[in-house]
Amino acid sequence: MASAVVLLAQGGQEVVEGSAAHASFDPLLPGLIVLLPLIGFLVNGALALSHAKKSADAVRVGEEYDPHTGSGGGRDLTHTLPSWIGPGVMLGAFILVLANFARMFGADLHDPVVLEYWTWMATGTLEVSVSLQLDPLSMIMMLVITGVGFLIHVFSVGYMKDDVGYPRYFAYLNLFVFFMLVLVMGANLPLLFVGWEGVGLCSYLLIGFWFGDREKSDAGKKAFIVNRIGDFGFLIAMFLLFTVFGTLDFVAINAGAEASLVYGGAMVTAITLFMLLGASGKSAQIPLYVWLPDAMAGPTPVSALIHAATMVTAGVYLVARTSVLFALSPVGSVTVAGIGAATALFAATIALVQTDIKKVLAYSTVSQLGYMFLGVGVGAYAAGVFHLMTHAFFKALLFLGSGAVIHSMHHAYHATHSHEDAQDMRNMGGLRRYMPWTALFMWIATLAIAGIWPFAGFFSKDEIIWYAGASAVGPFAPLYTVFWVVALAAAMLTAFYMTRMMVMTFHGANRTGEEERGHLHEAPLTMTVPLSILAFLSIFGGWINVPEKIRTSFLGGGGALPMSEWLHDWLDPVVHAAVVVREEALVAAGALAGQEHHYGFLEHAPVGGGELTWALISTLLAAAVVAGTFILGARWAIRPAKESAPLAGVKKLLYDKWYVDEFYDAVVVKPILGTSRFLWRWIDRGIDFVVGGVGGVTKGVGWVGSLVQTGSVNVYAFVLTAGVLVILWFTRF
Amino acid sequence: MDIDLLSTAYSILAVVAVGSALGVVFGRSPVASLLFMVSSLASIAGIFVILEAHFLAAIQVMVYAGAIMVLFLFVIMLLNLGHDYQQDLKGWAWSMVALFVSGGIGGVLVQRFLDLRGTGLSLGLGLPNGNALDRSIEELGALGVIAEPLYTTYVVPFEITGILLLVAIVGALVLAKRNVEGGGTVDGGAAGGEGGR
Amino acid sequence: MNAVLALSAVLFAIGTLGVLVRRNAIIMFLCIELQLNAVNLALVAFSRAHGIDGQIFVFFVMTVAAAEAAVGLAIIIAIFRHYETVDVGSFNLLKW
């Protein structure tokens, strides 16, 4: 570890120089960006260990150890230092990323800058180095991870400060950011995989953060195990890639893909499908999405950081990173898009009836990730990444806002020693009177996710829906048309369930309870300030990527914006090859003949109408759904959780999540358990007998041999000398 | 120096060495054995000089005969074994077998060395043939000839030797320490630091 | 046949004999040192034909011998404290 620290700090050796004709991009201490969260982890981890030792010592002598009062009056160092170190390293990393962003912005970057630090392993033909890749895609991801991550760290200070595991929490959180940065900055698949597994580990640790609760630690295990299934696919994809390319560097793979792989061939299809399995595990897509709703067992800021803004988008990042491969495989792409569309709709239906505020947001996240998959699946890689970014803003805001609500509810119930569920929306209602700022910010995020103009979600989600429709060309055109309709429908569901959540939480009469009501309060500044920044981003974040068609219309400010599709241009060096591959294939197939198109995307939706028309239609529909739900919601008769009648019919089916967990349990888990039990009972015992028998015989022989051991030094010396003599005698010639 | 003189000196030293060695084995008291040992070591040091290994001869006397043997002497004194004049040889049957085995080893070794004839070691004492070693001694001096490879080719083993000595010192302290009530700790670090160099 | 090598072989044999026939742990130890010296002697003799490396080895052997003496004597002291004797025939710990 220490040597890695030293090596990272030295700065790597640049192996791919930016094009000499343009101003070249000179990265500023990129190693330190990765290093800072790692340092934070080490320091906070040390504090956590010392804190744990103090607690254990206190318990041993029979005292109650209170970290808040500490030994020397005031708070203990283990509870004050992480508040500064945790967000501090994130701020440092964010500033560095910003500096690098500014430099990359100034340079006209065409080729990624790869900085090689040291050789990780060189075995035969496989040579893997520890190298960081800086290109527009990883830069966007780094901005999101460190920027949103920093805000969530600050929020955590307010949210978690009363928890006994506070330093441990920040240690894990910093470690997570470290691995996430390795994931997005790694210049080859093995390094990406290190980050991939590392964030999985941190996710497991943080979901099961309150491991004293069996249910919560089980949720952590579930996330870990389901992700292993996906990792299996990822690994197979990696092996296949190695057999084809003989290297696992992104630069080499993307450059050589067209030459080494046949368009639509079996190999590239297998690679992309296995990669999709990995991506769907990490990004919670059908069929491996089941872990994400359970992952809400972790602290709410964790849900915001890991299970909404960063880690779960790794699958989208992976597809965008290897976009050429997916462009080469129309089957792989359409599967990605199909899984994305199906997940978007399926998760949205479940979210319709959930009563746990975090469960609604969890299914909403799964649904939005489905949109991102749809985006990268139809070939609009930049649109997928765009939605990834805006989603990070408004979903982090929603999660943190719900965290503020839960925090307040928890305090209220804690003060009255009530055991009601602080996360159940049926126990909330009318909270806007007690937490007006939180309510305002969450409304902003809700309008953003619902796709209402002019909020960020409108631009990103509408773009994905548009591209889904515009990609309805070529052999899979009918399927893409279906995806387009599904995406539109899911957008309406999104508008409904989000408004329902807001109505149940913040409007109507308060259902918390007479006594508890007095303890409800607005969140402290450490929590509301990050919320306000995220709210700002949720409003304006979408304006960086306004489509040209919309920019000149009234929806885009009538052409007042200086740039259009900035993110598309920014990401163009990364995804250009893939877009061209897709377009050329369509041209070769004659699918585009006589059609107006833009890089292989049609200029009209499957049922006619241009981009602006459908943007207007979708936002008006969404606005209508929001308004309708809000008006109707005022008349809903909602009872507190303990007085509510059980659901029936379709509602119960949706509430119980289509019984997918039960289905998996019956089809996958139970048979495996049964087989394992059988193997243990019968096969294992037989093996045990044989193994035990061999052991017994060996032991008997050993006992006989042990008789030679007299324990006398003289005898040993004699045997040794005689042995030497014998050996010398027999080798004398 | 005259070759005959050297040969004569060597013969005397060899006889003393073998005689003292036998004295070590059959000495009546531990102290007697120890003194015979010192004599044997000293004569071997003399042979080293004849073989022009001057530096080794010096440390043979200083380290072996001086330090290590004194260490043995201290232990004998400490354990008060000096007055133990009983012969502690094993029984005659055992001794015969032991004689056979050790004699066999010696014989086989001699036979092995005989095989080396014609490889440059065959000439009596191997003196003086102006070989490469002699030339480098003239060039670098008796100390330089051993110091130069010791600090270049063999510098890693040399450093490891230092660690070995440190470990040995700490180990010896731990082993020989009396268990004092109250569990005082062994401060091996300071003593080992000196021992290591 | 080199006279020095012959002397070395003889000394080694005597050392071996001593290890085998004596019961006193300290004398056994001395005889082991004698064996080491015999080896040293052979190494020095070889170094005349093969270069300085033999002498370097002697140097290392001496260092190891010193370490061995320190630890070995410490063990003997510890044993003596426990058994009040250094007669190796009176204890048989070296098993299991």
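This is a predicted model: local features need pLDDT of at least 70, side-chain atom pairs count only at pLDDT 80 or more; totals for chains, interfaces and linings use all residues.
**Entry 1: L318(A)**

Leaving aside neighbours within four places in sequence, I find L318(A) in contact (heavy atoms within 4.5 Å) with L189(A), L192(A), W196(A), F234(A), M275(A) and A279(A). The residue belongs to helix 12 (residues 314–321) of chain A; helices (H or I, at least four residues) and strands (E, at least two) are DSSP runs, numbered from the N terminus. Is L318(A) buried or exposed? I record L318(A) as buried because its relative accessibility is 1%; buried means under 20% relative accessible area, exposed over 50%, and partly exposed in between, with a 1.4 Å probe and protein chains only. From L318(A) to L183(A) I note 9.4 Å, C-alpha to C-alpha, for a sequence separation of 135 residues.

Conventions: I number residues from 1 along each chain as its sequence is written, and letter chains from A and number ligands from 1 in the order in which they are written. Local features need pLDDT of at least 70, side-chain atom pairs count only at pLDDT 80 or more, totals for chains, interfaces and linings use all residues, and side-chain values use heavy atoms, with hydrogens and water left out.

**Entry 2: salt bridges**

I next listed salt bridges, each a side-chain nitrogen of Lys or Arg within 4 Å of a carboxyl oxygen of Asp or Glu. The count over all chains is 16. One of them joins E197(A) and R228(A) at 2.7 Å, N to O. E197(A) sits in helix 6 (residues 189–207) and R228(A) in helix 7 (residues 214–245) of chain A, so this pair ties together parts 31 residues apart in sequence. I class E197(A) as partly exposed at 21% and R228(A) likewise as partly exposed at 26%.

A further bridge links D218(A) with R214(A) at 3.3 Å, N to O. These two are 4 residues apart in helix 7 of chain A, and therefore separated by about one helical turn. R214(A) is exposed at 58% relative accessibility, whereas D218(A) is partly exposed at 31%.

I also inspected D661(A) and K222(A), whose side chains meet in a salt bridge of 3.1 Å, N to O. D661(A) is in helix 26 and K222(A) in helix 7 of chain A, so the pair connects parts 439 residues apart in sequence. Which residues join this pair in one network through shared partners? I find K222(A), D294(A), K657(A) and D661(A) in the network.

**Entry 3: chain B and its interfaces**

Chain B holds 7 helices and 0 strands. Of its 197 residues, 37% count as buried.

Where chain B meets chain C, 81 residues of chain B and 63 residues of chain C take part. The buried area (accessible area, 1.4 Å probe, that two parts lose on being put together, summed over both) is about 6,700 Å², with 77% from carbon and sulfur atoms. On the chain B side, the elements giving two or more residues are helix 1 (3–26), helix 2 (30–50), helix 3 (54–78), helix 4 (92–114), helix 5 (132–150) and helix 6 (155–176). I count 0 salt bridges between chain B and chain C.

Between chain A and chain B, the contact takes 11 residues from chain A and 10 residues from chain B. About 980 Å² is buried there, 77% of it from carbon and sulfur atoms.
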